[in-house]
Amino acid sequence: MPTAAQKPSPATAADLLAIPEEQRFHEIVDGALVQKAVPSFEHGDAQSAIVAHVKIPFQRRPGGRWPGGWWFATEVEVELMPDQVYRPDVVGWRRERSPERPSGSPVRLRPDWVCEVLSPDNARNDTVKKMRVHHRCRLPHYWIVDPREETLTVHRWTPEGYLVALRAERGERVRAEPFDAIELQVGVLFGDEREDE
């Protein structure tokens, strides 16, 4: 009598790390090994603009001219759960929770902020699947940058689910938590020249 096919075991960080580093552009989403989409120019430009906005004023000790208080990285593997290992476009940890810079691969310390830049091929992962896991893991702040719609959506964790704290589009200037100490010209994420402040 034929037996039902066994369901494969969920992928873990060990499966991810078994891929040669030069070929490892993957994540584990809901236990499945998923290759990240190849970024478009628009995606890469938005990602670098986010880094430019947060890194200088916030990646430093608090005090002085800039707010400080954070560590940032791009495209690092972060293990939130054994079957959930992501490579956020931009990710940050508050220094009050992580006095030392996070290290290793995958990083196992839950971040305090993640920013994902949507790619058409995997937008659902960022806006549905990963969002559910981030909420379950109590990730305080989750940003979604959509180059096609030219929007920034800022989500804040609440026990009931993520609250949309801010939704802005090209042409607006906003103060987006948790980096609301510095104004963000949203259009810079989508190729606009930074205006003199």
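This is a predicted model: local features need pLDDT of at least 70, side-chain atom pairs count only at pLDDT 80 or more; totals for chains, interfaces and linings use all residues.

Lys36 has a relative accessible area of 14%, and because the limit for a buried residue is under 20%, Lys36 counts as buried.

Two polar partners of the Lys36 side chain can be named. A polar atom of that side chain lies 2.6 Å from the backbone oxygen of Arg87, and the side chain of Asp89 makes a polar contact with the side chain of Lys36 at 3.4 Å. Leaving aside residues up to four places away in sequence, Lys36 touches Phe25, His26, Glu27, Glu75, Arg87, Pro88, Asp89, Glu116 and Asn122.

## Salt bridges

The model contains 16 salt bridges. In one of them, Lys36 pairs with Glu75, with the closest N and O atoms 3.5 Å apart. Lys36 belongs to the loop between S2 and H2, and Glu75 to the loop between S3 and strand S4 (78-81), so this pair ties together parts that are 39 residues apart in sequence. Lys36 is buried, whereas Glu75, at 25% relative accessibility, counts as partly exposed. Lys36 and Glu75 also belong to a network of salt bridges that links Arg24, Lys36, Glu75, Glu77, Arg87 and Asp89.

A further salt bridge joins Lys130 to Glu27, the closest N and O atoms being 2.9 Å apart. This pair links distant parts of the chain, with Lys130 in helix H3 and Glu27 in strand S1 (residues 26-29), 103 residues apart. Lys130 is buried, with a relative accessible area of 1%, and Glu27 is buried with a relative accessible area of 1%. Glu183 and Arg173 form another salt bridge, with closest N and O atoms 2.9 Å apart. Glu183 lies in the loop between strand S11 (173-174) and strand S12 (184-185), and Arg173 lies in strand S11, so the pair ties together parts that are ten residues apart in sequence. Glu183 is partly exposed at 33% relative accessibility, and Arg173 is partly exposed with a relative accessible area of 33%.

## Helix H3

Helix H3 (residues 123-136) consists of 14 residues. From its first C-alpha to its last, H3 reaches 19 Å, close to the 20 Å expected at 1.5 Å a residue.

Which residues of H3 are buried? They are Asn125, Asp126, Lys130, Met131, Val133, His134 and His135. Just after H3, Arg138 takes a positive phi of about 60°.

## Nonpolar cores

The largest nonpolar core has 25 residues, of which Ile50, Trp113, Trp143, Val145, Leu152, Phe179 and Leu189 touch the most other members. At least two residues of this core come from each of H2, strand S3 (70-73), strand S7 (113-117), strand S8 (141-146) and strand S9 (151-156). Which element gives the most to this core? It is H2, with five residues.

Ile50 touches Val90, Trp113, Cys115, Trp143, Val145 and Leu189, when residues up to four places away in sequence are not counted. A second, separate core has 16 residues, among them Tyr86, Val107, Cys137 and Ile144.

Notes. Residues are numbered from 1 along each chain as its sequence is written. Side-chain values use heavy atoms; hydrogens and water are left out. Buried means under 20% relative accessible area, exposed over 50%, partly exposed in between (1.4 Å probe, protein chains only). A polar contact is a pair of N or O atoms within 3.5 Å; within protein, one must be able to donate a hydrogen and the other to accept it, and residues adjacent in sequence count only if both atoms are side-chain atoms. Contact means heavy atoms within 4.5 Å. A nonpolar core is a set of buried Ala, Val, Leu, Ile, Met, Phe, Trp, Tyr and Cys residues joined through side-chain atoms within 4.5 Å. Helices (H or I, at least four residues) and strands (E, at least two) are DSSP runs, numbered from the N terminus. The expected span of a helix is 1.5 Å times one less than its number of residues. A salt bridge is a side-chain nitrogen of Lys or Arg within 4 Å of a carboxyl oxygen of Asp or Glu.
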